[in-house]
Amino acid sequence: MNADEQTLIKADKFLLRYMGLGGNFTPFIPERAEGSWLYDASGRRVLDFTSGQMSSVLGHAHPELVATIHEGAGRLDHLLSMMVSKPVVDLAEALAELVPELPRSMFLSTGGESVEAAIRLAKVVTGKWEVVGFAQSYHGSTGAAASATYSIGRRGHGPLMPGAFAIPAPNAFRPRFPGVTWQQELDDSFELLDRQSTGNLAAFVAEPILSTGGVIDLPVGYLAALKAHCERRGMLLIVDEAQTSLGRTGEMFAFERDNVMPDILLLSKTLGAGMAMSSVSTSDAIAEIGYSRGFMFATTHVNDPLPACVALKVLEIIRRDSLVEKAAVLGTRLRRGLQNLMQHYECIGDIRGRGLLLGMEFLPRAGHTGTAISQKVTQVALDLGLSANITGAYTSGVIRLAPPITSTEEEIDFGLNALDTAIGRVVETLGS
Ligand SMILES: Cc1ncc(COP(=O)(O)O)c(C=O)c1O
């Protein structure tokens, strides 16, 4: 038995499993990572086509981030919650430059925390407490965030927050009611919400692309229609860009495509590019009402200087190196490659997403579910040196691809070739 096999056995013995049924640890144990690649102790390398947990948009061990962490840790790491520091104020200013309508920010550690803070702010500001999300959403594992999460993780974890409602996300590939437009579906959903609500609708929490739910992209115009529904009811629109911000979709923020301004904007995974970091940004008006009504959300690591230094550097690198534009170009290359695979393999039903956040949905074939096929494909791909993952915690047959936006064309092509070979091998084993 080699050292990695021993580590996996120990992992099963000593680690608490946290991914639900079927959530086994990956049989590849990275020892170090650099750029888009992960390396195990034997030197075997695997291309990271998920950016870790969708976070490492600049790849791994980016020399400038390494230097920033080193320097920042040596200078000013952590402070009393009410002390401000220059990196934190500079980061808030940098975000305000990017989204002038939402100039007031606070910084936390995780995406789930940012959702918690946003929901508490919305409650205080509106004086109401009902929160609506998409039935395919993922916003985190903590209280209010888990209550607004419907894609996974609800069974056995109740009671969740009272006043949590869901509406279906529009799904162009699998429409709930074929022939019904998304506009009609949205209007009907809100009519149903109005019937269920006790008159306390405070906020809608939305991902612009429902990543965990199966990379479901909201159609152009949807966010604007959603915002209009929220405004009519005095609800705040919270846009959770944990996975979609800072260039990944080919724009700095995914909401920009739709010309809609969220009331509260949440960033997390990509903001720290691998470091625990999240932000909550809002307008002056909402910030002032929140303050006047005693909004409170404090954590040990609120507005910590060290992760703020990292996020500032992440923003600087993305803008300086034109990585937003680069992600758009690489995304087109990846999408074209995946579309070619779809021409070749009839078990691929759909390619969707934006920029470098793409999903590939597998259809049932020869008695195998789409999920089973996608699982086999990711297993074989890993053997071939590619790490890709399945969304929705194994409940849908969608492989999600989110390579770093610093990837090279050669790396994108390596990933496509590995997927081609993996799908070919799996198809051969399916039988008819
Ligand atoms: C859209 C979205 N929001 C929130 C979260 C939760 O973030 P975290 O796991 O950092 O709490 C995630 C994590 O996958 C996410 O994808």
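Four elements each supply at least two residues to the lining of the second largest pocket: α4 (86-98), β4 (104-108), β12 (278-282) and α10 (284-292). This is a predicted model, where local features need pLDDT of at least 70, side-chain atom pairs count only at pLDDT 80 or more, and totals for chains, interfaces and linings use all residues. Residues are numbered from 1 along each chain as its sequence is written, and side-chain values use heavy atoms, with hydrogens and water left out. Helices (H or I, at least four residues) and strands (E, at least two) are DSSP runs, numbered from the N terminus.

Stay with that pocket. Its space comes to about 790 Å³. Of its 24 lining residues, Met-82, Ser-105, Met-106, Phe-295 and Asn-303 are the closest to its centre. A pocket is an open set of points on a 1 Å grid over the protein atoms alone, with protein on both sides within 12 Å along at least five of seven lines; a cavity is a set where a 1.4 Å probe fits but cannot get out; lining residues have an atom within 4 Å of a point. By class, 17 lining residues of this pocket are nonpolar, five polar and two charged.

The structure holds one cavity of 30 Å³ or more. Leu-95, Val-99, Leu-102, Ser-105, Phe-253, Leu-265, Leu-267 and Ser-281 line the largest cavity. Six of these residues are nonpolar, two are polar and none is charged. Ser-105 belongs to this lining and is also among the residues closest to the centre of the second largest pocket.

Next comes the ligand. The residues around it (a heavy atom within 4 Å) include Tyr-138, His-139, Glu-207 and Asp-240. This shell divides into two nonpolar, six polar and three charged residues. One distance is 2.9 Å, to a polar backbone atom of Gly-111. Another is 2.7 Å, to a polar backbone atom of Gly-112. The protein covers 82% of the 390 Å² of accessible area that the ligand has on its own (Shrake-Rupley method, 1.4 Å probe).

Finally, find the sheet. Four strands form an open antiparallel sheet in the order β13-β14-β17-β16. β13 (348-354) and β16 (389-390) stand at the edges with a single partner strand each, so one side of each has no neighbour in the sheet. Strands pair if DSSP finds at least two bridges between them. β13 and β14 (residues 357-362) pair over six bridges. There, Ile-348 stands opposite Phe-362 in β14.

Notes:
Points joined across faces, edges and corners; volume = space filled by probe spheres on them. Nonpolar A, V, L, I, M, F, W, Y, C, P; charged D, E, K, R; others polar. Polar contact = N/O pair within 3.5 Å; in protein donor to acceptor, adjacent residues only side chain to side chain.
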